[in-house]
Amino acid sequence: MKYLKIVVVIIIFILIFIFLNRLVSPKYANHLVEGSMTNAYYKEDKDHEVIFLGDCEVYANISPLVLFENYGITGYVRGNSSQDIWQSYYLLKETLKYEKPKLVVFNVSSMKTAAPDSEAYNRLMIDNMKWSKEKIDLINASMTKEESILSYIFPILRYHSRISELTMEDFKYLFKNKVNTYNGFLINQNIKPADSLPAKRELATYEFSQKNYEYLDEIYSLCKENNITLILMKAPSLYPYWYQEYDEQIKKYAEEKNIDYYNFIDVINDIGIDYNTDTYDGGLHLNLNGATKLSKYFGRILKEKYNLTDYRDYDIIKQRYEEKLKEYYKEIKDGYEKNN
Amino acid sequence: MNREMIFERLNDVFRDVFDDDTISVNDNTTSKDIPDWDSLEHINLIVAVEQEFGIKFNMGEVTTMKNVGEMVDIIINKLK
Amino acid sequence: MILTTLTFLVFVLITLLIYFVIPKRYKWLVLLASSIYFLFYNNFSFKIVLDILIILLTSYLGGLLISKYKDSFKSKWILLICIIIILGVLIYLKYTNFLLLTLQYIIRFFGGNFTFNYVYRDFPIGISYYSLIMIGYLVDVYRGICLPQKNILKCALFMSYFPILTSGPFIRYNDERDYLYNGNKITLKEIYLGIVRILWGLFKVLVISERLNIIVNTIYGNISTYSGLYILLAILCFPIQLYTNFSGSIDIVIGVSKMFGIYLPENFTSPFFSKTITELWRNWHITLGAFLRDYIFYPLMKSNIVQKIGTFFKNKFGKKVSKKVTLYLSMFIMWILIGIWHNGSYNFIISSGILQFVYMVLEDLLGPIAHKINVKLHINDQSKGYRIYQIIRTYLLFAFSMIFFRASSVTNGISIIKTLFVSSSFSLRNLGLNNFNYIILLISLLILFIVDKINKNANILEKVNSFNTVNKIILIDIFILIILTFGMYGIGFNVSDFIYSKF
C-alpha cells in the first residue's frame, strides 16, 4: 500500500511537471508564428512529390499550393527562419522517415553560415519538433555555446520566467498547435519596396566552410541512397548579397555531382518580379505577389524537366488540395481587406 | 582549598560580575542558567575569577570549559 | 562553481555516488579530490597554486612544530610567524588597495602628495575563509585544544572542504575532524534532510533573493531617477535580499554536507526576530562572530595591555567604568576587523563595523535608562506589542547600516541617504517586476516568515523528518516544482553571484 502511494505521488509529480513544461513553453500560435512551422508538417498527409528545403528564402518565396493549382505538383516546404544547412540535413532525414519524395529542392543560401549564431532561431525551429534521434542530433548540431540540451528536453529550464507573462493563448494552445502555413508556405501580403540597399562590403573570405560542404555532401548522399533527385536553387533576392564567388562555388559543386542548379537572381526579369510591389521587406524576401510569380515560373520548369505526376487527375488528392486552396484564398482575401 | 571553599568564593565572583545577589552556582551550572552570561560577560567573569584566585586560565581553557564544575577542576589543578 | 547552478548539483551528486561506493577508509580522499577540483574549477594558474600551497604548508608544518615545542616559548614564536605568513598572503592578495588607499589618506592629511594606482590581483576562491580557518586551527593546536594533523592530505581536506569555499561557514578542526576523515555511512535520513535543506536554500536564493535583487538594483542603480519612498523601499528590501542570499547559500552548504554525514555549524538562526542589534549579531553570521570572539576578543580582553588599562580606569573612576572601557575597547577593535574582513573598503568598515559597534554601545548604555523610563511611564516592556516594536526598530537600524554595505563607496552611501529625503511620487510599477511577480514575492516572504518564526523556538527540520515517506516525497516534489517554476535562474535571468563569494 505504501509503495503504491509512493508510485502514485511520483506519477502525479511527473504529470504536473510535464504540464508546467508545456504551460510555460511559447505556443507560437498568433505571435512568432515562425515557431509553428516544423510542427505543422506532422498534421499533413505525407505523400508529396517535391520537398523544398532551406531557410526563409523557401517558406516565403515558394507556395506549394500555387504549384498544385497550376501544375498539379504536390510539394511541401520544410523551411524555417535562418535554417542552417545542418538543420536542413536533419530535417530532411526526419522527412524521409515519413515519405519518399521524387525531388528535393535545396535552397543554398545557408551555405554562407558557418556556425550556429542565434538561440532564438534554434528555438523557433526546434521547440515544437517531434522527439526522435534526428531531433537530438539536430539540437547538438545547432546549439550556440551558451545553450544546453537539457533546456530543450525540459523547456521549463528556459522558459520558466514566462509563468508571470502567460496569456490566453498559452491555455488555448496548451495541448494543440496552430497551423499557420500552407504546405509550409507562410503568406505575407505586406509591401515594402526596395528603395535603398546597404552598400556591398568586402568579405575576408568568400569560401564556404568545409563543414558546410560536408553537410551538402550528406544531403546529396541521402538523396542518392533513396533514389531522390536533388536540385539546388538560389531564391531571388537583392540582399543579403549573393556574391559571384558564392555562385561559382555552387556551380562547380553542381557540375561535379551532376545536379541541376537554378539561380533565380539571374532571371528576375523573366519571372516578372517587380521589386516595387513584390517584396515585403525591401528586397530580402518576396511577398505573396512575388512568391506566386516565382512559384509559377519554377513550377513550369519542375513539371517539364522532372516528369512529375499531375495530381489534379487524382480525385482524392484533388479534393484535399481544393479545400486547402479555398482556405488559402480566404486568408488572402481577409488579409487584403484588412490592409485596405 | 577544598571544592566547597572554591564554590563559596566563586559565588561571590558571580554575584559581583552579574550584579545579582541571588546567584548560587554548582557543578552543573552553565551559561544557560544565568541570563546575562553571554560571550561578553564570559570573558569578564574569567578575568574576575583569575584575579580572585591569582591564577591564569589559558585560552584553550577559556573557550572549552562547559560548566562551572569544569572551571572548578581547572582552578583546583592550578592551585596545587 | 556557483552553488545554485545545475553544474554544482551534478558535481555534488557525482561526488556523493563515488563517496558511497568507495571503501570506508578511502572516503575522505574522494572529498579531497572533489575539493581540489572545485578549488581550481574557475581559476587555475601557477600563482594561485602557490598561494594555496603557502597557506597549506604553513598550517601543516606550523601545527606539527607548535605541538613539538609545546610548553616552550618557541611555540609562541612559531605560532606568531605562521599567523604573519598566512595573514601576509591574505593581505597581499585582498587588501593591497585598501592599505594603499589608507596610506594615501594619511599622506594627504599631512599635506603630502601621493596617488596610487589600483592593483588587480587574482586570488583563489574561498581564501577569506580558509586563511582564517587555518589560523584558528594553529591557535587551537597552540592552546592544546586539538592535536596537529600529521597527514598533510588530511590537513589539505580540512582547509579546502569544497562546500564551504564560496560562502562559509567558518569551521573548527575539532568539530569537523571526525566527520571529515572517518568515512561516514550515507544514510537515507541524512540524504532526505540534506535535500530538503538544499531545496530550502535554493528557494531562498532563487525565488526570494533574486526577485528582491531586481527591485534593489533598479532603484540603487538609478538614484538620479529614484528618490524618497523608492530609496526607502530599497533600503528595507536589501537586508532581506542579503539574508535570503547568504543564509540560502549556507543552507545549501549545510544540506550538501549533511548528505555526506558531515555536520556543519549553523550560521543564521532567524536573525530578524531579534530585539536588539546585539541579539541580531548573535543570530547573524554566527560562525564569524564566534571565531572572532574566541580568537580575537577573548585574547584581547585577557591581554596585559587591556588589563592594565582596566586597572587604570578602575582606580580613577571605579569598577563600572573600567568594565565598560575595556569592553568597548575590545569590541571596537573586533568590529573594525569584522568590517575589514567583509571587504577592504571603507563603506564596509562603516556598515558592518563601526555602525554595529555604535549600535551596541548605545544599546548597552541606553538600555537601562530606557527601562527606567518605561517603568515610570507604566509601559510594559515585556508585552508583545513592545517586543514587536523592538524587533522593527532593530530591523530599521540594521537596514540603515546596510546602506553602506550595498553602496559602492562611502560617498555613494551618503548620497543615497540624501536622496532618501528628496520627495517623489511612488509606484511599484517599472521596478522590474510585474504584478504576478510581486504576488509570488509576497507569498514567498510569508513562507519565509513562518518558517523562521517556527525555527526561532524549534527545529523545523525535526518536524519535517517526522513525516511519513509519502509526505516526504510530496514535500520534495512541491519544492522542486516551485523552484523550477518560480525561481529566477538561467539565461534571461542571470543569477547574480552570491553577494558573499567575493569576500
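**The contact of chain C and chain B**

Modeller: Here 17 residues of chain C are in contact with 22 residues of chain B. Contact means heavy atoms within 4.5 Å. Keep in mind that this is a predicted model: local features need pLDDT of at least 70, side-chain atom pairs count only at pLDDT 80 or more, and totals for chains, interfaces and linings use all residues. Residues are numbered from 1 along each chain as its sequence is written, chains are lettered from A and ligands numbered from 1 in written order, and side-chain values use heavy atoms, leaving out hydrogens and water.

Start with area. The size of an interface is often given as the accessible area lost when the parts come together. Chain C and chain B bury about 1600 Å² between them. That is the accessible area (1.4 Å probe) lost on putting the two parts together, summed over both. Carbon and sulfur atoms give 59% of the area between chain C and chain B. Three residues stand out on the chain C side: Tyr298(C), Lys302(C) and Lys323(C) supply 38% of what chain C buries against chain B, more than any other three residues.

Next, charges. The rule finds 2 salt bridges across the interface of chain C and chain B. A salt bridge is a side-chain nitrogen of Lys or Arg within 4 Å of a carboxyl oxygen of Asp or Glu. Lys323(C) comes up again here: its side chain meets that of Glu41(B) in a salt bridge, at 3.8 Å from N to O. Between chain C and chain B there are also 3 residue pairs in polar contact, both residues at pLDDT 80 or more. A polar contact is a pair of N or O atoms within 3.5 Å; within protein, one must be able to donate a hydrogen and the other to accept it, and residues adjacent in sequence count only if both atoms are side-chain atoms.

Now the helices. They are DSSP runs of H or I, at least four residues long, numbered from the N terminus. On the side of chain C that touches chain B, H12 (286–302), H13 (304–317) and H14 (319–342) of chain C each supply at least two residues. H12(C) gives the largest share, 7 residues. Sorted by class, this side of chain C has 7 nonpolar, 1 polar and 9 charged residues. Ala, Val, Leu, Ile, Met, Phe, Trp, Tyr, Cys and Pro count as nonpolar; Asp, Glu, Lys and Arg as charged; the others, Gly among them, as polar.

Chain C has another partner to set beside this one. Its contact with chain A takes 20 residues from chain A and 19 from chain C. Chain A and chain C bury about 1700 Å², with 76% of it on carbon and sulfur atoms. Between chain A and chain C the count is 0 salt bridges. The rule does find 5 residue pairs in polar contact there, both residues at pLDDT 80 or more. From chain A, H1 (2–24) and H9 (156–159) each supply at least two residues of the side that touches chain C. H1(A) brings the largest share, 9 residues. That side of chain A divides into 11 nonpolar, 3 polar and 6 charged residues.

One last pair, inside chain A. The side chains of Arg158(A) and Glu119(A) meet in a salt bridge at 2.7 Å, N to O. Arg158(A) lies in H9 and Glu119(A) in H6 (residues 119–126) of chain A, so the pair ties together parts that are 39 residues apart in sequence. Over all chains, the count comes to 35 salt bridges by this rule.
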